Amino acid sequence: MHRFTSRGLAPACLAIAASFAVAAGASAQGSGKIKVGFMLPYTGTYASLGNAIENGFRMYVQEQGGKLGGREIEYFKVDDESDPAKAPENATKLIKRDQVDVVVGTVHSGVQMGIVKVAKENNTLLIIPNAGVDEATGPLCGPNIFRSSFSNWQPGYAMGHVLAERGMKKVVTLTWKYAAGEQSVKGFKEAFEARGGKVVKELSLPFPNVEFQALITEVASIKPDAVFVFFAGGGAVKFVKDWAAAGLKDKIPLYASGFLTDGTLEAQGAAAQGLETTLHYADGLANARDKRFRLDYAKTYKLQPDVYAVQGYDAAQLLAAGAGAVKGDMSRKAEVIKAMEVARVDSPRGAFTLSKAHNPVQDFYLRKVDGRENKPGGVAVKALADPARGCRL
Ligand code: BEZ
């Protein structure tokens, strides 16, 4: 069954309270199907990211014959609209009304903060299939909070490392002003400045604003050695095109965490060619697991996979590890968590394990855009673990 809810939020509050009483006795926990609640963006600048995550997740489940731990999966869906203000209410719908066994969400770091809070209050299993907000596997870490993606710190740190090694000295950063951008810059700065570089200016604009022109002009006037940016989804398409249209593509080297060019290359076209980014995935990795994944994904969805599809696929693999250990009885929460904690996820990105804070410890690739692909150019930082500052697990 699919339930798609995104509007009518005030009446929904009352509906949640009313349905909770009914649903309380009807949970799937302990028997029947495993209830998975997707809380993802299906509209707005991150819509394609949400869809890719869901596609990846469903594909893994299909590969297992539609079952995890011997149980069928029942899906519930909420469009979170990348709106942090609606996050607590949306997460509550999935947890209280739909009584899901696990929430799989989300993409946007601000929305993630709301989901983490509600998941912790209700001790509901949460798998984060994208949002990098450092707090989720930092000060707000918890036994029931897992991530199949990355922390915002990680890809930024990897690129700071690369630019310092290349001898760059003076860098300007430009991002959306919210946790994903700010924490990416923090990671970048930490690695870059520790190796002798200097971030001379940090520029930003509100999410999901795409009026980049004034900021691009400001960057050009500073004449830095390079620019480091965080943008993703529809905003990333617009930024890369605006940067090229301003004539800066061959004048100021542009670097980014890989979200700038992942899932976006068809729309970015010539403007993206040659861009270098760091990420925990690349197109055309030399491993058989990835080759099979890419072929199956293209066959199933008539689309090329991207990092978001991989993260969704791996969220399902993590859940499979937990569900398998209890033969699908998700009420045995402590055993589910234990099995997920020690899982070795056979990911298309390369196999990974989780840190103590439940964040992937993984290689970060340096990639270069060539045609419609982010081609791997080697590993920028091997087995990079988020420092998980403030996590007590
Ligand atoms: C975030 O908000 O954490 C995020 C969104 C898109 C891509 C990467 C990170």
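Mentor: Let us begin with a definition: helices (H or I, at least four residues) and strands (E, at least two) are DSSP runs, numbered from the N terminus. By that rule A226 belongs to strand β10, which covers residues 226-230. The model is a predicted one, in which local features need pLDDT of at least 70 and side-chain atom pairs count only at pLDDT 80 or more, while totals for chains, interfaces and linings use all residues. Residues are numbered from 1 along each chain as its sequence is written, and side-chain values use heavy atoms, with hydrogens and water left out.

Trainee: What is the average pLDDT of the protein chain, and where does pLDDT stay under 50?

Mentor: On pLDDT, which is the predictor's confidence in each residue, from 0 to 100, the protein chain averages 93, and 92% of the residues score at least 70. Over residues 1-30, however, pLDDT stays under 50, although the model has 51 contacts beyond four places in sequence for them. Where pLDDT is low, the predicted coordinates should not be read in detail.

Trainee: Why is A226 called buried?

Mentor: Buried means under 20% relative accessible area, exposed means over 50%, and partly exposed is in between (1.4 Å probe, protein chains only). A226 has 0% relative accessibility, so it counts as buried. Contact means heavy atoms within 4.5 Å, and, not counting residues up to four places away in sequence, A226 touches L163, M168, K170, V171, V172, I252, P253 and Y255.

Trainee: How do you know whether T124 and T92 are buried or partly exposed?

Mentor: T124, in the loop between α4 (109-122) and β6 (125-128), has a relative accessible area of 6% and is therefore buried. Its contacts, leaving aside neighbours within four places in sequence, include I95, V100 and K333. T92 is placed in helix α3, and with 21% relative accessibility T92 counts as partly exposed.

Trainee: What makes helix α3 mostly covered?

Mentor: Helix α3 spans residues 87-97, and eight of its 11 residues are buried; among them are A87, L94 and R97. After α3 comes Q99, whose phi is positive, near 55°.

Trainee: Why are α2 and α11 called oblique to each other?

Mentor: Axes are lines fitted to C-alpha atoms, for helices over the stretch in contact, and angles run from 0 to 180 degrees between N-to-C directions. Angles under 35 degrees count as roughly parallel, over 145 as roughly antiparallel, 65 to 115 as roughly perpendicular and the rest as oblique. Helix α2 (residues 47-63) and helix α11 (residues 307-325) pack at about 40°, with axes 6 Å apart, and α2 and α11 are therefore oblique to each other. The contact includes L49, A52 and I53 of α2 as well as Y308, A309 and G312 of α11.

Trainee: What makes α2 roughly perpendicular to α10?

Mentor: Helix α10 (residues 288-301) packs with α2 at an angle of about 105°, their axes being 11 Å apart, and that makes α2 roughly perpendicular to α10. In this contact, A52, N55, G56, R58, M59, Y60 and E63 of α2 meet R289, F293, D296, Y297, T300 and Y301 of α10.
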